[in-house]
Amino acid sequence: MGSLMPQWNLDRTTNDLIGISRGILEAATSDNVQVLALAASESFGTSIAMSQESCHKAYLLCSKNHESTVVSFLKAKIGYRDGDCGWQLSQTYAGQRFLGLVACLSTLGSWNAALILHKLILLTAADKKFVPTAQHLKQLVVAVEDRLAKSGFSESVLGWEPILSEEMGRRADVEGLRLTMGPKTTTLPPPPQAIVGLTQAMSSLDRVGEDAKKIEITTTGDHAAWFVAFVKWSLGAPPTIVSYNGRTLVENASQVIIRLIESTGKPQEVRIDLHEYTGNINNLVRTVSSNSVFKGLVRVGTYGQAMLRRFFGNTDDLRYRACVQALPYACLQVRQNLVICREWSTGIKSTANLDQWRIPDTTATKGQVFNSIERVEQMLHDYLGLSPEKPQPKLTKLSSGMMITDLQLMSLVKAKLSADCPCRSCQNTTMMAITPCKFDHFLFNISRCVADILTLSLLDPVDPDGVQVYFGFDPSGPFNRCVQSIVSGKNQSPECSVSDIIEYALTILGHELFDKHAWVMSSRYDQTVYPKFFSTQTIHSEGILALECVPGSLMWKDERYTSVVVSPPYRQWSPDDEDSDAESVAESMLNDQVTMVDGEATYPKDSFLGYELKWQLQTKETNLEVAILLPILSNIPGRNPRYALESAAESLYVNCIHDRMASFTPRNSEICMTQPQDPRPRSHGLAIVQCDRNEPARFFTLAFGRPGVVRLDSCLECCVKYCHLSSSQFVLC
């Protein structure tokens, strides 16, 4: 059967071709896209059925050309530029239609989107010689999908999901669902062949004078949500939806009907028929359902509600209510008990051993990577999808000796699942081979939600619409396992690193991460993320890993980059294995150390005025490589900025009620004054780095890679005492 869509071509007059080619050439060059792919896609847009609302959304997203912010420490910009492929396509109605289609197809992945586009363009091309390859179309899809990521199509898909899944009886078998071992995926993208056929069919409906009367889609509930959202996105109104039992769920004047069939749990047929006014029925598509994964950006509330439905059923399900009861306790418990340290860290892992030596009127706390409790409560509120009028859930501490599993609803779920679980921990005797515990998996799902909430609370969005989550990401990693250990009670003080949390945070946003230990900044799907600590260079004891989230792409000197990483020479740098020149510098610095005289008073001060931090930057093909240095010390090697972040997370922070600028007189102690480039003491004893309120010097000191005792609102004497008690090497004044 021939194409139902009108043909397109690239035939133009000479003057018209010259005028249009300039903009297309500039756009293709800026995004490294083939000119033919861009020109053919725009021409193909004339044959696509796309609602005015969707075209307007595509225009608003892709015509942005403003600057969101300037990253001062890199002298880079985050924002949008005119003249790229997305901007160029948004300037014409045909281009807007094409962008609207890409916004939907990108939820299948860039390669699948390219394959579908190639098939559609090939079917409708008047001259097949002007058809771009699928590889070239993929480059174009990748170039525009970041701008289109916040189109709202994924939101629409997940919005239809609960209506359809409930109708199909996915909640009816309550007992069976409660024993489900994994998340119930209720939304899958349709097979590519079905999308090609439906796009052609809707194009015929959109044109006057065509014989098409209506389109009938027969599918399971797995694909129905995507189909419904796609029809509404393309035609401006949802289709009529008829359940497998004949009941009409949604009825309107749409010329598209979706008939739901019961799912058997196996691949089933997807069928699309075109009904003509003459009474003829043309079968356009008859294919097996797809097992590909649906992915896309959605708001936190949409994401949270979707995950809770998958893991725990409806809001009246016992498992759902138990999870909601447990989350405020679990979030606080993980925030308090998770130990942040590197494998080779010299920092103190817990302040519990210091409690017996508590100094009156003084507090010493480990660095807290997560944001304030109030911020976590706000994120929990958003994750649960609660209305703004409802109060925020309060994080609550468990009673002494109590565990998450001891909560009332959690105990009921445990009893219910354990009664039917065949694992050896639930059944003292069993003939079955080793099988996963159903209650353990229930706890794993709760742990996944806790990890999501704590990670999302780190993000500080500039966009008033907030952070958007990449639905469909893989949550595996050390951080998730540590959270599970705490929630299950198997290990109350598991250890993970700053890099492990960064890995989870970037994964939940859909960013690509090639080396979690070298990451500094990344940009993907219209969200650029970097640690706030790098921007402010101000040390705080809480929210150390807070992340700025800025809409737009990362640009440096008008070139767009996807990431910023630590320069390779500094990724595994250690002061113990420097070259001979560096060793001679280190030796001279040790000789410059001044040992304090017992009985001689000293005061907190800044001995390093004029120390300015500079970020050394080098451009590569797709990323920027950085290191930090102090220009005033040109003979000192650069440092790894990630070390500053990790050392801050592992340091001890001291506050007291004494005069902050009070004098300190050492007694029978070996204390010396050291410098930011090497804060270690010459031998045994401890050191003081005198850089009071000099944030660049304090930042560079931590970039040495060693945690210490950080003086906040405290006198120097209390800091020295805690330095002794914690066996730290230096006090950062």
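How do the residues of the lining of the largest cavity divide into nonpolar, polar and charged? In this predicted model, the lining of the largest cavity divides into 6 nonpolar, 5 polar and 2 charged residues.

**Enclosed space**

The count comes to 6 cavities of 30 Å³ or more, and the largest cavity has a volume of about 120 Å³. Of the 13 residues that line the largest cavity, Ser106, Ala149, Lys295, Gly296 and Leu297 are the closest to its centre, while helix 7 (134-148) and strand 9 (296-299) are the elements that give two or more residues to the lining.

**Open space**

The largest pocket holds about 1000 Å³ of space, and among the 31 residues of its lining, Val142, Arg560, Tyr561, Thr562 and Thr622 lie nearest its centre. Two or more lining residues come from each of helix 1 (14-31), helix 7, strand 15 (519-524), strand 19 (559-561) and strand 20 (563-566), with helix 7 giving the largest share, 6 residues.

**Helix 5**

Helix 5 (residues 93-105) has 13 residues, which at 1.5 Å a residue should span 18 Å, and this agrees with the 19 Å between its end C-alpha atoms. Because 12 of the 13 residues of helix 5 are buried, this helix is largely enclosed by the rest of the structure. The buried residues of helix 5 include Arg97 and Gln96, along with Phe98, Leu99, Leu101, Val102 and Cys104.

How values were computed: Residues numbered from 1 in each chain as written. Predicted model: local features only at pLDDT ≥ 70, side-chain atom pairs only at ≥ 80, totals over all residues. Heavy atoms only, no water. 1 Å grid on protein atoms, 1.4 Å probe; cavity = no way out; pocket = protein on both sides within 12 Å on 5 of 7 lines; lining within 4 Å. Points joined across faces, edges and corners; volume = space filled by probe spheres on them. Helix = DSSP H or I, 4+ residues; strand = E, 2+ residues; numbered from the N terminus. Nonpolar A, V, L, I, M, F, W, Y, C, P; charged D, E, K, R; others polar. Expected span 1.5 Å × (residues − 1). Buried < 20%, exposed > 50% of the residue type's maximum accessible area, 1.4 Å probe, protein only.
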